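Trainee: Could you take a close look at one part of this structure with me?

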Amino acid sequence: MTIAVGETLPAASFVELGAEGPAAVTVEALTKGRRVALFAVPGAFTPTCHNKHVPSFVNAAKALSEKGVDEIVCVSVNDPFVMKAWGEATGAKAAGIRMLADPDSSFTKAVGLDFSAPPAGLHARSRRYSMLVEDGKVKVLNIEDGPGQATCSLGEVLVDQI
């Protein structure tokens, strides 16, 4: 079942590459008592994700902060090494966007937003979406109809919804 506005995010962990190597980041630690803009993409370095979705949050980072967002987080079913490199390549890291890996898609499956597209080489990936999470609860949720679309889940759309 797909998560909905008003529901609490499930207990899960992401992986982040830090100075000491890969480290777990729990959903609870990420969201407890905080306002987080979380967006997910089907895959790092894929065309729509790389050229449109992440740049929209890089461009919206200041406006989201001004609206009281404590942190912007990008999630993808990739490994933490790829996520770190992708954050550097897109300017997301410089914009303060946290790049978190969901390598086994456990979070993605728990929120019911997984899909597979074998002809494109995408297995157990995340649908494209954005959400505003306040203290672990989903306040705004924007889910794209298809993996190649990026309209309702863009950074500027979330800014306008807050």
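Is N142 buried or exposed, and what is its relative accessible area?

Mentor: Happy to! This is a predicted model, in which local features need pLDDT of at least 70 and side-chain atom pairs count only at pLDDT 80 or more, while totals for chains, interfaces and linings use all residues. Residues are numbered from 1 along each chain as its sequence is written, and side-chain values use heavy atoms, with hydrogens and water left out.

N142 is buried, with a relative accessible area of 7%; buried means under 20%, exposed over 50%, and partly exposed in between, using a 1.4 Å probe and protein chains only. The residue sits in strand 9, which spans residues 137-143. Helices (H or I, at least four residues) and strands (E, at least two) are DSSP runs, numbered from the N terminus.

Now to the surroundings of N142. Its side chain makes a polar contact of 2.7 Å with the side chain of Q161. Such a contact is a pair of N or O atoms within 3.5 Å; within protein, one must be able to donate a hydrogen and the other to accept it, and residues adjacent in sequence count only if both atoms are side-chain atoms. Setting aside neighbours within four places in sequence, N142 is in contact (heavy atoms within 4.5 Å) with R128, Y129, S130, C152, S153, L158 and Q161.
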